[in-house]
Amino acid sequence: MKKLLMSLLPATLLAAPGPSPVDAWERTLKPLSVERMAHLDAAPRVALPERFSVRIGDQPFAEFAAAFARGDATAVARVRDTFRRAEKWVVMPDAELRALIAVFDARGRYSCACPIHPLQVRYYSEFRWSITDPWRLHCPRCVAEKREYSYYPNPRYPDTGEGCAPSDEVWRQDHDAAWSKRNHGIPWQQWDGQTHGYVSTERFFFKGKCLDNIYNSLGRSVLPVLGQAYQFSSNLFPPGSPENDRAATYAHKAKVLLLCMARAHLGDTYLRDLFGLTQAEYEACMRSFHGAEANQAWAYQFYPGHHLNQTKDLRPGDRGWKMTGITTIYRGTWNSKAGTARQWLDAFALIADSYTPEESRASIREMTQRMIVSSAGDAQKLSRAPDGPRRLKRGLLEYTLHPYNLKAAGDNLAPSTLHPTLNLGLMLDDQRIVENMAREVDFFMLNQFTGDGMGYEGSASYTPWGIAGVMNRLQGMGGDFDKDAPWYDPERKALNCWTMPSVVEMCAKREMYSFPDGSRIPWEDCTSGGKRRTQWLKSVLDAGGKLPAWIEPFVKTERDAAGKWHVAYVEPLTLPNWLLHENRKGILRPGKGTDQTVLHLDFGRVVGHYHPAPLSIGMYAKGHELATDLGYLGSTHYLT
Ligand SMILES: [Zn+2]
Ligand SMILES: [Zn+2]
């Protein structure tokens, strides 16, 4: 019982070395057996190398360096721009950088909302936020209404990091009956204890959401800028030059942020125990790393570690929390986690060779790396911890990227995982991973797609979401690949996904599911605004592929003197009636060209995000959609 109580206490109240609330919760779990521990240690992991194959964008560093050396304008501008952007982080004292990585959980992405505009300002229709004002979420509607406070948290809606529970008095003053009526009847006389965001929680996690935004911003722009500035300054400029002199500073700032991120996620007691240090030794480690620079203020800040999170912004102790397949100490859904894994991997790879011998001896690099991937032997070491046994915390990469398994076929958002895995393969110079991504594209097409050329979720607008980007990155890569595979082009001696039969089929068919004005038929979980395009057909032809004969009446193709293909739909375009046997939809198209009437019927079953709409009928006539799918009835998303 005592242990359980500990887990309910806010982490920040226990900001002292010793078992953290996260540790206390861990102790309530059944200890792992020796066999299970050995099994955890034996599980295959991607071992991170001492040095990575560094890339700038999608270019190997050596290629980029050669371009810079010959004065290539793009490369020169990129270097100058990177130094300029890095400057603002270099001048920031370490203490300010450390303060960005808070000790509380980074939750609130999905549940946080404006207390005044909960249905309008929430996940998908966000607060305004900037890394230069990191602890405030600005509500554009509160700004427009000129409210006393248009940002959160604020003195009326305070949050120390554990979430805001508005007082009934404040709630009554800020809301009224008319507001309640406009907002699905949410009570106005007192706060009902719910955020009413995209998902609802019992606290407004304003600061948790700020921290989530901070992590995103660091991963997306700050860390790559610092890491690239380090690479440029140390490799493109001679020793003794002013640029080269700054290399260690760029790397140091990135290392400060990455180490704090690792500590925030894994927790100080975890890292301490994993590396067999006493608390005093651990603090000395941190002091030697952080205090190394002259004039840097230093005070030890205890990181309890992030709780097990899940997408509903809940953690152990919260009502409704449960352990699921996506419950980890890392935030977000599988696809956004994969994006984060890519950010951390890229950031780490850029500065991995910058750790000094002293930093390596103090395990700074090893500790940082643990948030990306754990090491074989970790579980054993943790079993011998003084207050042990402790449980292994895996790195983010282990949960999200599986470079030697085929995973994409079951995932309609597969590219969100394929891109980071491809990065991994390129950084490790591992051709097996690179080839696996081409194999994944083929399996994705063969298993996620139907004979109708659409994904299992039958929305013509986003059915092949993002896959073109993966194929374009793989296109033309050479290596020791399977010469008989459909993704290998023996003439070009390179990967060529665009000519795979599975891809050509999809590219040709999906464009048929559109109206005379070119917009796509809004079936299932569609996104609005998508139009029929010829780009993918052109990609097939440019890659040396052939379009199926049946498409000839509908498209004109022409090859120019430079060998590039031009593809256009014939005009006027009269598309045929069509029965989608596997996605279970039918299209009747009486009339010709833009005067066609389109009557479509959905006789599918409910899959994926698909709202219940079987047997819904839609009609397009006289240049307008006259009857359409009703979408997610009752949804408060602004797009539905
Ligand atoms: Zn607002
Ligand atoms: Zn969906």
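Student: What are the ground rules for the model and its numbering?
Tutor: The model is predicted, so local features need pLDDT of at least 70 and side-chain atom pairs count only at pLDDT 80 or more, while totals for chains, interfaces and linings use all residues. Residues are numbered from 1 along each chain as its sequence is written, chains are lettered from A and ligands numbered from 1 in the order in which they are written, and side-chain values use heavy atoms, with hydrogens and water left out.

Student: Which domains does the chain have?
Tutor: Domain 1 is 2-103 + 211-400, domain 2 is 112-204 and domain 3 is 408-627. Those bounds come from an automatic or database domain assignment.

Student: How far apart are the C-alpha centres of domain 1 and domain 2?
Tutor: They lie 32 Å apart.

Student: And how many residues are in contact there?
Tutor: 18 residues of domain 1 are in contact with 10 residues of domain 2. Contact means heavy atoms within 4.5 Å.

Student: What area is buried between domain 1 and domain 2?
Tutor: About 1,100 Å², with carbon and sulfur atoms giving 64%. Buried area is the accessible area (1.4 Å probe) that two parts lose on being put together, summed over both.

Student: How many polar contacts cross it?
Tutor: 2 residue pairs, both at pLDDT 80 or more. A polar contact is a pair of N or O atoms within 3.5 Å; within protein, one must be able to donate a hydrogen and the other to accept it, and residues adjacent in sequence count only if both atoms are side-chain atoms.

Student: Which element gives the most to the domain 1 side?
Tutor: The elements giving two or more residues are α5 (73-90), α6 (94-100) and α10 (206-235). Of these, α10 gives the most, with 5 residues. Helices (H or I, at least four residues) and strands (E, at least two) are DSSP runs, numbered from the N terminus.

Student: Switching topic. How does β12 pair with β13?
Tutor: β12 (residues 616-621) and β13 (residues 624-627) run antiparallel, joined by 3 bridges. Two strands pair if DSSP finds at least two bridges between them. A621 has H624 as its bridge partner, and M619 stands opposite A627.

Student: What about the turn?
Tutor: The two strands form a hairpin with 2 residues between them, and K622 in the turn has a positive phi of about 55°.

Student: Which other strand pairs with β12?
Tutor: β11 (residues 598-602), antiparallel over 5 bridges. V598 stands opposite Y620 there.

Student: Last one. Where is Y300?
Tutor: In the loop between α14 (279-290) and α15 (334-351). Its side chain makes polar contacts with the side chains of D268 (2.5 Å) and Q279 (3.0 Å).
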